[in-house]
Amino acid sequence: MSDALKVALLGCGTVGSAVLRLLSEQSDDLAARIGRRVEVAGVAVRRPDRHPEVPADLLTTDAHALVTRPDVDLVVEVIGGIEPARSLLLAAIGAGKSVVSANKALLADDGVALHAAASAAGVDLYYEAAVAGAIPLLRPLRESLAGDQLRRVVGIVNGTTNYILSRMAETGAGFGEALAEATEAGYAEADPTADVDGFDAAAKAAILASLAFHSPVTAADVYREGISAVSATDVARAAEIGCTVKLLAICERVAGADGADDGVAVRVHPAMIPTTHPLAAVGGAFNAVFVEAEAAGELMFYGRGAGGQPTASAVLGDLVAVARNRLAGAAGPGTTGYAGLTVRSMADTPTRYHISLDVADKPGVLATVAHEFAAQGVSIATVRQDGHGEAATLVIVTHRAPDAALAATVTRLREMSAVRGVTSVLRVEGLS
Ligand code: HSE
């Protein structure tokens, strides 16, 4: 074999060190699969003294010099965050290096500019590890399904929140108790904000929507609600109607008033889904993504969404792909925003709600409540009443209506004297 391909590694945390280990352990197999050996040219870190496992002559604090070094062919970025990752990747691309990144925040924030730079330079920009860790998902969307029309992509793409919601369902615990357990078990970060408030899932949703619908979608376009307001009552109410609560990233084509497709809706929020839905069986810290396509029908991708080894597997898969492309003198498929679909506001996005109300059990109350739904143009699908003495609980599931109409209905219900309390409000997905 001729000269080895040289890889610059940016970052050597949990994922970076797993990448280094796999590169070393599998070097012969990788060489056979690529057709050329792969060697690590350098590892850029902030604190070299914290990486005794890396040969000292590979460590550097000068990441910019490393990614622009003439002998470097490929750059792997696993430092995360926007800067300095963005500047380093643009410098690498500008210097003609192909890039593999696991950086969801950067791709969701500035994917258009990075893709444009890679396209102009004729190099690859691959980032399978940025969404759902080890699960092959972006390449299937970008390549395997490139001949199909995607309708919806619905995912459980955050393991921390899925672990918390799974424990709430299993034990009846409230959010705070389940979060404490997740922290104790090492599933939640000391600062769980990015996971619990849905920022992590929103970045992944933006990347998924951009690829699925050939339209630029950024994290700022994604409607986002986290799980901190999900209560034990919400989870119990879900179980009563044969549902479970999941934090979903939902990317879908939506129809305009004339029935023609005219945009996409991209949102992250907790929702009830039927226990018969394939996503309902995804427990603990696992991830899964359910895809609905015109010709292919329904597909489900499932596996580990985080962790050093699983994420490193996705990084190495990309590394093999970009190395092969480089040897072939070509760049692989990029992304395309040719469809240019606009992102619908959440207010205009059709959703369904499940609402539980404590009401006075008196003649006319149900009619008054139903009137508020009608006044907002919201159609009721089912109503169940559980009576207890002079009080009753009404459990209402709506048909699809613009989210703003449903939210306005809930606001009005909270103001009604006949309603003693709105005890649970959650969106519902996947009900026929
Ligand atoms: N923090 C993420 C999760 C993994 O809990 O799934 C990295 O995206």
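Aspartate 200 is buried, with a relative accessible area of 9%; buried means under 20% relative accessible area, exposed over 50%, and partly exposed in between (1.4 Å probe, protein chains only). This is a predicted model, in which local features need pLDDT of at least 70, side-chain atom pairs count only at pLDDT 80 or more, and totals for chains, interfaces and linings use all residues. Residues are numbered from 1 along each chain as its sequence is written, and side-chain values use heavy atoms, with hydrogens and water left out.

Aspartate 200 forms a salt bridge with lysine 204, the closest N and O atoms being 2.6 Å apart. A salt bridge is here a side-chain nitrogen of Lys or Arg within 4 Å of a carboxyl oxygen of Asp or Glu. Both residues lie in helix H10, four residues apart, about one turn of the helix; helices (H or I, at least four residues) and strands (E, at least two) are DSSP runs, numbered from the N terminus. Lysine 204 is also buried, at a relative accessible area of 6%. Phenylalanine 199, likewise in helix H10, counts as partly exposed at 42% relative accessibility.

## Domain 1 and domain 2

The chain is divided into domain 1 (5–133 + 308–328), domain 2 (140–304) and domain 3 (347–428), with bounds from an automatic or database domain assignment. The centres of domain 1 and domain 2, taken over C-alpha atoms, are separated by 28 Å. Their contact (heavy atoms within 4.5 Å) takes 15 residues from domain 1 and 16 residues from domain 2. The two domains bury about 1,100 Å² between them, 69% of it on carbon and sulfur atoms; buried area is the accessible area (1.4 Å probe) that two parts lose on being put together, summed over both.

One salt bridge is counted between domain 1 and domain 2. On the side of domain 1 that touches domain 2, helix H5 (104–121) and strand S6 (125–126) are the elements that give two or more residues. H5 gives the most to that side, with six residues. Aspartate 200 and lysine 104 meet through their side chains in a salt bridge (3.1 Å, N to O).

## Nonpolar cores

A nonpolar core is a set of buried Ala, Val, Leu, Ile, Met, Phe, Trp, Tyr and Cys residues joined through side-chain atoms within 4.5 Å. In the largest one, of 78 residues, Val75, Leu150, Ile164, Ile207 and Leu208 touch the most other members. Helix H10 (residues 199–213) supplies the largest share of this core, 11 residues. At least three residues are drawn from each of domain 1 and domain 2.

Beyond its neighbours within four places in sequence, isoleucine 207 is in contact with Lys104, Leu107, Ala108, Tyr127, Ala130, Val131 and Leu138. Another core, of 34 residues, lies apart from the largest one and has Val43, Val100, Val320 and Ala321 among its members.

## Further salt bridges

The count comes to 26 salt bridges. Glutamate 252 pairs with arginine 152, the closest N and O atoms being 2.8 Å apart. This pair links distant parts of the chain, with glutamate 252 in strand S9 (residues 243–255) and arginine 152 in strand S7 (residues 150–156), 100 residues apart. Both residues are buried, and they belong to a network of salt bridges that links Arg152, Glu252, Arg267, Glu292 and Glu429.

Glutamate 225 forms a salt bridge with arginine 427, the closest N and O atoms being 3.1 Å apart. Glutamate 225 lies in the loop between strand S8 (223–224) and helix H11 (232–240) and arginine 427 in strand S18 (residues 419–428), so the pair ties together parts that are 202 residues apart in sequence.
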